[in-house]
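Please look at the sequence and the model below before reading on. The text after them goes through a few local features in turn.

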Amino acid sequence: MAFSPADLPFKEAAEFWRRKIKLPSSGWTDIWQEQHSHAFIVAGATHDALLEDLYNAISDARSKGGYQAFKEAFPEIAKQRGWAYNGSPGWRSRIIYDTNVRQAYNAGRYQQMESVKKLRPYWRYRHSGAQHPRLEHKAWDGLILPADDPWWDTHMPQNGWGCGCSVESLSRAEAEDEWKKSGNNGPDTAPPVEWEERIVGKNGSNPHTVRVPKGIDPGFAYNPGKAWLEPNTVPPLTGYDAVLAERGAAWPTGFTPPPIPTATHVPASVILPASTLPEQAVTDFLDVFGATMDKGAVFTDVTGSSLAITKAFFIKGSDKQKGKFKWLADPDKVERLRYINLLAMTLIDPDEVWWVWVNGGKGQWRLKRRYLKVFEVEGSGQYGITVFEWEKDGWRGATTFVPSQKSQAAREGYFDRQRIGRLIYRKNKTRP
């Protein structure tokens, strides 16, 4: 059966798409397999507004020309939101659109086949006929198995990036006709599942090994429709590798927090004079990363995540379109710009990086990335802790100095309270 986006309006596929929560993520493997049936994510899209725009663009494209409409909208969305994505615009937009639209189709199709399973109890695998096929997928073409065969739990399309395979249901009479043609007396025997180990997240902060059936791309060894219809069988979004874990009042069971990092000594000249003009401070900050007031730059942090460095760091979320700097609305924020060099140093060379997922209500999750660094300003006795994190409307830097007369225990306690979520990176140490 040939796939066409025009097939998508049927209600089951539309409902599958409508009910997805929009979940910001650092990478596609932040959630795993069945969880993708309940969440819409785009690798590297960590901003609520960006994710909302991409979701809406796919929704609109389904009724306004399919992929071509999304392809045309994609570059403008990325530009408007300052998104530094990987790959070319055409390749990335195709992957995002095809994977999401096809899986919605597959999930809806599964529900339809389940509803008529008593009348059409057999399912047949259909290869897409791609010019450069995966040999395993091609070998499965024409395979007829009972609808309840466990093989479908791991081999229901989509079975990899760009996979266009499908499944069709057969009545018993239709299946018997096919068996006669092939000389069989009954259904085929499911191919043995040959498992292999693959590494995922190689370019991110959490590379790890997973087991997948041979011929199935990592993350696709599940039945998207079954995962959607049987949500109680799906690992909860709060359960996969603590991706969505929030620390709460105590550390996770069995986890001992590492010692507080040794303070980095910096000269007093790093703190800008009070007379420094705000625009000059921002210009100097952007210059460190190769950006300007007019042009952003892409910076890859210590965890391997790509970040868009733009003047939007210093613009209020509600003023993104107007371009108004934060200090124009709140003059008190001018004083914070004196510590802008410490923010740059924290982003480039953090002591620790933490990720925490925050529930913003109404099914909206966002990823907060916290970059922590401890400073001690030479000659002043000032002890500083810098927190640079991603909020709903973009980046937020908060530098707090603890007076020198505070005890070491008080300093450590303050830093410890900034450790929220999952420890992704620790300087000179491997991830726990």
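The model is predicted, so local features need pLDDT of at least 70 and side-chain atom pairs count only at pLDDT 80 or more, while totals for chains, interfaces and linings use all residues. Residues are numbered from 1 along each chain as its sequence is written, and side-chain values use heavy atoms, with hydrogens and water left out.

Start with the sheet. Helices (H or I, at least four residues) and strands (E, at least two) are DSSP runs, numbered from the N terminus. Two strands pair if DSSP finds at least two bridges between them. Strands of a sheet pair through backbone hydrogen bonds, either parallel or antiparallel. In this model, three strands form an open sheet in the order 4-3-5, with antiparallel pairing. Strand 4 (144–146) and strand 5 (166–170) are the edge strands, each pairing on one side only. From one strand to the next, the twist averages 35°; axes are lines fitted to C-alpha atoms, for helices over the stretch in contact, and angles run from 0 to 180 degrees between N-to-C directions. Strand 3 (residues 122–126) pairs with strand 5 over five antiparallel bridges, and Tyr-122 has Leu-170 in strand 5 as its bridge partner. Helix 4 (residues 89–115) lies across strand 3 and strand 5, at about 15° to strand 5.

Next come the aromatic rings. A pair of aromatic rings is described by the distance of the centres and the angle of the planes. Rings of Phe, Tyr and Trp (its six-membered ring) pair if their centres lie within 6.5 Å; planes under 30 degrees apart count as stacked, over 60 as edge-to-face and the rest as tilted. The count by this rule is 21 aromatic pairs. Phe-16 and Trp-228 are an edge-to-face pair, with 5.3 Å centre to centre and 90° between the planes. Phe-16 lies in helix 1 (residues 11–18) and Trp-228 in helix 8, so this pair ties together parts that are 212 residues apart in sequence. Are these two residues buried or exposed? Buried means under 20% relative accessible area, exposed over 50%, and partly exposed in between (1.4 Å probe, protein chains only). Phe-16 is buried because its relative accessible area is 2%, and Trp-228 is buried at 8%.

Charged side chains give another kind of link. A salt bridge is a side-chain nitrogen of Lys or Arg within 4 Å of a carboxyl oxygen of Asp or Glu, and the count by this rule is 20 salt bridges. Asp-217 forms one with Arg-134, the closest N and O atoms being 3.1 Å apart. The two residues are 83 apart, with Asp-217 in the loop between strand 7 and helix 8 and Arg-134 in the loop between strand 3 and helix 5 (135–139). Asp-217 counts as buried because its relative accessibility is 14%, whereas Arg-134 is partly exposed at 26%.

Two backbone details remain. The peptide bond from Pro-157 to Gln-158 is cis, with omega near 15°, and Gln-158 is in the loop between helix 6 (151–155) and strand 5. Gln-33 is a residue other than glycine with a positive phi, near 50°. Gln-33 sits in the loop between strand 1 (21–22) and strand 2 (39–40), and counts as buried because its relative accessibility is 9%.

Notes
Contact = heavy atoms within 4.5 Å.
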